[in-house]
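Okay, everyone, let's get going.

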Amino acid sequence: MYRQMVRIRTFEDNANQLYLSAKMPGLTHMYSGEEAVAVGICEALKVTDKITSTHRGHGHCVAKGAEFKEMFCELLGKEEGYCRGKGGSMHIADQSNGNLGANAIVGGSMGIATGAAFTAKLLGRDDVTVCFFGDGATAQGLMYEVMNMAALWNLPIIYACENNGYSEYTKTAEIAAGSITGRAEAFGIEAHTVDGQDVLAVNSLTEQLVERCRKGEGPFFMELMTYRYHGHHVGDINREYYRSKDEEKDWRDNKDPITKFARHLTSEGIATEEELKAMQAEIKADATAAVEYALKAKYPDASEVDMHVYAA
Amino acid sequence: MREITLSQAVNEALAEEMRRDETVFIIGEDVAEAGTPFKVLSGLVEEFGTSRVVDTPISEPGFMGIAVGAAMTGSRPVVDLMFGDFLFLIMDQLCNQAAKTHYMSGGKLSVPLVLRTNLGATRRSAAQHSQSLHALVAHIPGLKVALPSSAYEAKGLMKTAIRDNNPVVIFEDKLMYQEKAGVPEEEYLIPFGVANVKREGTDITLIATSSMVQVAEKAAEILAAEGISAEVIDPRTIVPLDEAALIKSVKKTSRAIVIDEGHQSYGVTSEIASRLNEKAFYHLDAPVLRMGAMDVPIPFSPALEDLTVPTPEGVAANARRLVAGEMIAGEMINAA
């Protein structure tokens, strides 16, 4: 789990640099700070379990098992990307690992996730689906429609609300009346709030809920309290009008999920600081190599522009 | 050949496909015991159970979204959207999600689902239950659009739609549910993108979709009595469109009217007329004429509603003038 969290942070550091140095086209949203959520959850899933992701989706993709090379190629619009460069940062999908894709419509994947759980039930598979979404997406009506049906039909799905405190450039408190978990409880869905910076807590809760989903006890709802270190998107630099630098510093210095878990690993004698540093260096080198590869990789041929509009 | 209603034909298509493929299921409002307000699905829940004929709450975006996810993971949903007008409720799930998933994933994910809905005015159902919105859907790459014009077409196109690996939207004509046509007992499919020449002719081509095919056929009868030979072609699917068949016919007759129940502006009639102008211009003896629904919300009052859609008399009148070499410019098209 430490490795996966560091991989996400390293991936995002590189993606951020690619964007700031104008090597990456389009727009992107950094997951840094929220690593324990994606990793704690995805480590409790099998390859055939499904996830749906969000516009802030690189972390989910890495955590569900994706490779750096294909991911950077996708971010740069290259042919070897997971989606042959046609999706980009906001639509990255990796069906080989059960990632049904990021989604650029806030809340847009809630139906898809619930439908994946529907298939599992219809065809008698024991797969569980996790629907990742942010606090901002709780304002979309679709969520209430599909949670209602998931509860009526006992679907094997976990709604994972990453509450990072901000809905784009607005404090969550200003857009969400009442409690987040209360929204699920209204449908009779068991809801939990968990420290999203504590990967062990996230993982242990998810394991229990996944197990219960497989037994037909779903759906469940998790609110994961977390924080995004960067702005809403990479270009959101001057953001003091909606949140202070002191607040950001406090989360980075005192609540960082990677530092927190490293402390646990070393104090429990599970790993030494040297081992963790070596792992970080190895991941950094992997990422650098993948970025270099992706920068040199081929763009898709022009003949691909009207390919894949329709399936054969 | 035995004759059955369009309702029965759709019902048979669904039942046959559900027996053939256990991943096919139906989802929508009041589809199970109620069998929909039009009773098209009566009896299916008794055979396939509530796990495959799934009643939902009145949550169109929700069940459409569920169908998209189910289709992406190995099921073949047939979504029942009670009225075509409700398309506006599900646009994000249909157009941003279902239509684009295959492309955005570089071909790795696909969305084999069917959205069954309807079109057509003159049921005195007013502006929110009478629209013909297929052009809106046909505008979005990634979606296929089928427009059955009889019980025979409805069955064959439905079976093809269910086996297609893409999102397919089928619009049935509400007025046609109880209309009978010859439908073989044995299995058949109707391929997409193959137009059907309903009646051969030499003086003018009437290209008509869905509910307008019968209007065109009746117009052709009127014209025949006057010695004008009209060819009637039903494209059956507007995406994919059998452009070659339409062009071939127009090259033969040198005149065409395109008749469709969607609003005339920016619609199916405009698209087809424009293609004919681009690709058969030098074979034309007259401008290609469009006849769609008037560009007004469908009114409730029968006295007004009947004015909004093309009629056989209106089509015949326009055809008569085209064949006579009279230009038609800026006139209301539906004058009986």
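Quick definition before we start: I call two strands paired if DSSP finds at least two bridges between them. Helices (H or I, at least four residues) and strands (E, at least two) are DSSP runs, numbered from the N terminus. Keep in mind this is a predicted model, where local features need pLDDT of at least 70, side-chain atom pairs count only at pLDDT 80 or more, and totals for chains, interfaces and linings use all residues. Residues are numbered from 1 along each chain as its sequence is written, with chains lettered from A and ligands numbered from 1 in the order in which they are written.

So, chain A. There's an open sheet of five strands here, in the order β1-β2-β3-β7-β6, with parallel pairing. β1 (50-52) and β6 (190-195) of chain A sit at the edges with a single partner strand each, so one side of each has no neighbour in the sheet. Further in, β2 (residues 129-134) and β3 (residues 157-163) of chain A run parallel, joined by six bridges. In that pair, T129(A) is opposite I157(A) of β3(A).

Over to chain B. How many residues of strand β2 (residues 24-28) of chain B are buried? Five of the five, so the strand is largely enclosed by the rest of the structure. Buried here means 20 or more other C-beta atoms within 10 Å of the residue's own, with C-beta atoms placed from the backbone. V24(B), I26(B) and G28(B) cover one face, F25(B) and I27(B) the other. β2(B) runs parallel to β4 (residues 76-80) of chain B, with five bridges, and F25(B) stands opposite P77(B) there.

Definitions and conventions:
A residue is buried if 20 or more other C-beta atoms lie within 10 Å of its own, exposed if 12 or fewer, and partly exposed in between; C-beta atoms are placed from the backbone.
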